[in-house]
Amino acid sequence: MIMRIFQVVTRPGKEEEFGKFFHETAIPLMRGTKGIVQVLPGAPRPGTPREFSFVMVWDSLESLKAFVGEDYQSPHIDPAEAELVESRSIKHYDLVE
């Protein structure tokens with residue numbers, strides 16, 4: 001299994017707008033995606049109000065590629081969030097059970 005950690009830093013002043021997208025669009029989308037075993041969404045903490053994250057556990061690299069394409073190591077974003085995001089990062093690990 002593949003653990004994918006996706007982190008986003010919003011543009012200043014866009015925290016609330018991105019938060020709405022995160023809760024209403026991104027979380028339901030990821031929870032309904034074929035091949036995802038578990039989704040752990042992370043909302044900002046008081047000291048880091050612009051940082052959001054997802055930890056996703058995928059059943060296989062093939063499922064992940066089916067969702068994002070061959071370039072799975074690049075952080076893909078929804079067009080609806082593009083103007084809200086200052087930076088993003090993505091990391092992949094083999095899940096240890």
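This is a predicted model: local features need pLDDT of at least 70, side-chain atom pairs count only at pLDDT 80 or more; totals for chains, interfaces and linings use all residues.

Visitor: What makes the radius of gyration of the protein chain agree with that of a compact globule?

Guide: For 97 residues, a compact globule would have a value near 13 Å, and the protein chain has 13 Å, so the two agree. The C-alpha trace spans about 35 × 25 × 20 Å along its principal axes.

Visitor: How much of the protein chain counts as buried, and by what cut-off?

Guide: Buried means under 20% relative accessible area, and 32% of the 97 residues count as buried. The protein chain exposes about 6,000 Å², of which carbon and sulfur atoms supply 51%.

Visitor: Which residues stand out in the largest nonpolar core, and why is it called a nonpolar core?

Guide: The term applies because its members are buried residues of nonpolar types joined through side-chain atoms within 4.5 Å. This core has 21 residues, and Phe18, Met30, Phe54, Met56 and Trp58 touch the most other members. Two or more residues come from each of S1 (2-10), H1 (15-31), S2 (36-42), S3 (51-58), H2 (61-68) and S4 (85-94). H1 gives the most, with six residues. In soluble globular proteins, nonpolar side chains tend to be buried together.

Visitor: Which residues does Met30 touch, leaving aside those up to four places away in sequence?

Guide: Met30 touches Ile36, Val39, Phe54, Met56, Trp58 and Phe67.

Visitor: Which residues of H1 are buried, and what covers them?

Guide: Phe18, Gly19, Phe21, Phe22, Ala26, Ile27 and Met30 are buried in H1. Their cover includes S1, S2, S3, H2 and S4. An α-helix has 3.6 residues a turn, so residues three or four places apart point the same way.

Visitor: Where is the kink in H1 centred?

Guide: The kink is centred on Phe22 and amounts to about 40°. Phe22 is also among the buried residues of H1.

Visitor: What makes the contact between Arg50 and Glu86 a salt bridge?

Guide: The cut-off is 4 Å between a side-chain nitrogen of Lys or Arg and a carboxyl oxygen of Asp or Glu. The closest N and O atoms of Arg50 and Glu86 are 2.9 Å apart, so the pair qualifies.

Visitor: Why are Arg50 and Glu86 called partly exposed?

Guide: Partly exposed lies between the limits of under 20% for buried and over 50% for exposed. Arg50 has 22% relative accessibility and Glu86 has 45%, so both count as partly exposed.

Visitor: How many salt bridges does the structure hold, and which others are there?

Guide: The structure holds three. Lys14 meets Glu17 at 3.7 Å, N to O, and Glu70 pairs with Lys65, their closest N and O atoms being 3.5 Å apart.

Visitor: What makes Glu70 exposed but Lys65 partly exposed?

Guide: Glu70 has 62% relative accessibility, and exposed means over 50%, so Glu70 counts as exposed. Lys65, at 26%, counts as partly exposed.

Note on methods
Residues are numbered from 1 along each chain as its sequence is written. Side-chain values use heavy atoms; hydrogens and water are left out. Buried means under 20% relative accessible area, exposed over 50%, partly exposed in between (1.4 Å probe, protein chains only). Helices (H or I, at least four residues) and strands (E, at least two) are DSSP runs, numbered from the N terminus. Contact means heavy atoms within 4.5 Å. The radius of gyration is taken over C-alpha atoms; the globule rule is 2.2 Å times the number of residues to the power 0.38. Accessible areas come from the Shrake-Rupley method with a 1.4 Å probe; for residues, only the protein chains shown count as cover. The bend at a residue is the angle between axes fitted to the seven residues ending there and the seven starting there.
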